[in-house]
Amino acid sequence: MTTETKTAGAPPSGPAGGGERDRLTVPQGLAALSLDALSSVAYGPEAIVVVLAVAGSHGLGFTLPVTLAIVVLLAALTFSYRQVIAAFPNGGGAYAVSGRHLGRRVSLVAAASLIIDYVLNVAVAVSAGVAALTSAFPSLYSSTTWLCVAVLALITAVNLYGVAESAKVMILPTVIFIVAIFAVVIVGLVRVHPATEPTHPAGGAASTVGLLLLLKAFASGCSALTGVEAIANAVPTFRAPRVKRAQRTEIALGALLGLMLLGLSTLIGKFHVAPNANKTVLAQLTDAALGHNVGFYIVQFATMVLLALAANTSFGGMPVLTSLLAKDHHLPHVFALRADRQVYRYGVVVLAGFGFLLLVVSKGNTQALVPVFAIGVFIGFTLSQIGMVRHWFEQRGAGWQWRALLNGFGALLTAAATVVELIAKFSEGGWLVFAAVAVLVAMFEMIHRTYMRIGAALHVGEIPGEPHPTRTLVVVPVSTVNRLTQEAIGAALSLGDEVRAITVTHPDENDTPVALKLEADWQQWNPHVPLTVLNSPARSLTRPIVDYLRKADAEDAHDRLLVLIPEMQLSHWWQRLLQNQRGGVLERAIRRHTNAVIARLRFRIDAA
C-alpha cells in the first residue's frame, strides 16, 4: 500500500459543475474533429491523379468517375456513422459497434487499427504541413525535423489546455480553408481558359485503362476519407444534446468534403492537370483558377496551416477511444481519468509521444509514412459497417432493411478498398500495420487478463463479509530524532497495536558516534516505542531491514506487518532533488523480498 498526500475539495466536472462550456458545438466539432478529413482534399485527388497518370490523358479522364465512387463511399460512411452516433452515444465508433455486435476480440482489432491510424495521422499531417512550409521557404528545409517537433508540441499544448479551447483556435483556419477551396472551385468552373497553364499529361500513353489500375486509384484516393470516423469516436466531447450535435457535425463534414472532392476533380478534368514533381495538383488548380497572385498564396498558406492542424483530429478522437478501452479494462485505468476542461490527459500525452517518435525516425519525411497510412482506418471502417448490419438485423426497427442495405453496401466497398490498399502497399511497409495491430491486441488482452485476475483476488462484485480488526505490528525505519520522526511515530501509534522503530548502523569510526547519539536522543525523548539497532558490516541499508522484517513477520503475536516509511514533502520540485531518496530504495527492497504492507507517508514541510 502506498499512501501519498492528496488535494481535496476539487469540484467534479460535468454539466452540474459547469463543464458543458468546455464541450464542443457543431462549428467547434468541425474544427476539432474534421480537419483530417477536410484537409485531405489537398492530397486525395492528387493520389488519384498520380495513379491514373500512368495511362496518360486517357487514364486521367477517369479521375471524376473514381472520385464519384469515393464520394458514394463517403456518403455511405457519413450516414452510417450518423446511425453509429445515435446507437452509441458514449463514443467509440468502430470499437463500440464491434464490441456489441461482433465480439470483444474483433472490437480490439478495430480499436488497434484506429489507434494506429490516429498516430500515423498526427505524423503525416504535421510533416505534410511542414513540407508545404519548406516548399515555400526552402531555407528551412534543413530544420524540417525540429519544425515538425515544434508544431507537434504546440498542438499538444493546446489540447492539454482543453478540447473546446483547441477547437476555438482551429475555427478561423478551418473557415479560411473551406472558403479558399470553394473559391478555387467556383472561379475555376466559371473560367473558360486557365489563368496559368498547368502541367498537361504526356502523349503516347496507353489507350485502355485496366480494372486493377482503377482499383488502385480508388484505394489511393480513399486516403481522403481518413478522419470521417473521428466524430463518432468522440460523441461525449459535444455539448448537450450530444447526439444531435454530433450527427449534424458528421453530415456537415460529409457534405463539405464531398463537394470539395467533386469540385476539384471536375477542375482536374477541365484543365487537364497532370502530376508535377515540383508543384502539387491543388497548387496547379489554384494557379489555373485564380492566377499566380495574392489569392494563390492565401490558398497555399491556408492549406499548409490546415494540414499541420489536421493532427488535431487525432487529439480529439484517440483520447476518447483510449478512455473507453480503459473503462473496459483493456488499457491502464489512468487513461479513463479526465482532467480539468474535459481533457483525457494521458491519451493526449501518449499520442503526442508516439507521434514524436514517428516524426524523428522518419525525419519529417511524409513519403516515408504514407505507405502505411489509411490501412488501419479502413479495417475499422469495414468492421463498423459489418457490425451495423448485424445491429439492424437485431433491432429490426422502422426502415431497418434499407439501413442494413446501406451499411452492407458500405462494408462491401470498404472491404474492397482495404484489400486493394493491402495489396498495393504491403511490400512498401503495409505489413507493419498488421504487425502493429497484432501487438496492440496482444497487449490489450494481457492487460484485460491482469485486471480480471486482480478483480477475482479482490472479489469485485461480491458483498464482503463483516470486517474484523487485525493485530498489526508497525515498523518505522528512522535515522535521527526530529519533527519527521515525531510525526511518523505518532502516525504509527494510531495505525497499529504495536510499534517498533529500527535503524541501521555501520561499524566504523564515522558512523559509531552518530548511532550512539541517536540512542541517547531516543532515550531522552522516550516515545514509549522501542528502538532496535541493526548492524550492517557490509554497509547495506536494505539487507538488515529485510532480514529483520522476515523474522518479525514469522512471529505469532500479530496478523499484519506494516512498514511506515516517513518522508518530507517539500514545497518546490527542485528542493526534492536535495533528498536522499532512501524511501524509494527501501520500498523496492521490502516489496521485493517480504510480504509486508508498505506505507510511504509524506509530511508537508515548509522550507521557504
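Reader: Is Ser-107 buried or exposed?
Author: This is a predicted model, where local features need pLDDT of at least 70, side-chain atom pairs count only at pLDDT 80 or more, and totals for chains, interfaces and linings use all residues. Residues are numbered from 1 along each chain as its sequence is written, and side-chain values use heavy atoms, with hydrogens and water left out. Buried means under 20% relative accessible area, exposed over 50%, partly exposed in between (1.4 Å probe, protein chains only). Ser-107 has a relative accessible area of 2%, so Ser-107 is buried.

Reader: Which residues is Ser-107 in contact with, leaving aside its neighbours within four places in sequence?
Author: Ser-107 lies in helix α7, residues 104–136. Helices (H or I, at least four residues) are DSSP runs, numbered from the N terminus. Contact means heavy atoms within 4.5 Å. Beyond its neighbours within four places in sequence, Ser-107 touches Tyr-95, Ser-98 and Gly-99.

Reader: Which residues have the most contacts inside the largest nonpolar core?
Author: A nonpolar core is a set of buried Ala, Val, Leu, Ile, Met, Phe, Trp, Tyr and Cys residues joined through side-chain atoms within 4.5 Å. The largest one has 132 residues. Its largest share, 17 residues, comes from α7. The residues with the most contacts inside this core are Leu-225, Leu-285, Leu-325 and Phe-444.

Reader: Which residues does a second, separate core include?
Author: That core has 17 residues. Its members include Val-476, Ala-492, Ala-501 and Leu-601.

Definitions and conventions:
Helix = DSSP H or I, 4+ residues; strand = E, 2+ residues; numbered from the N terminus.
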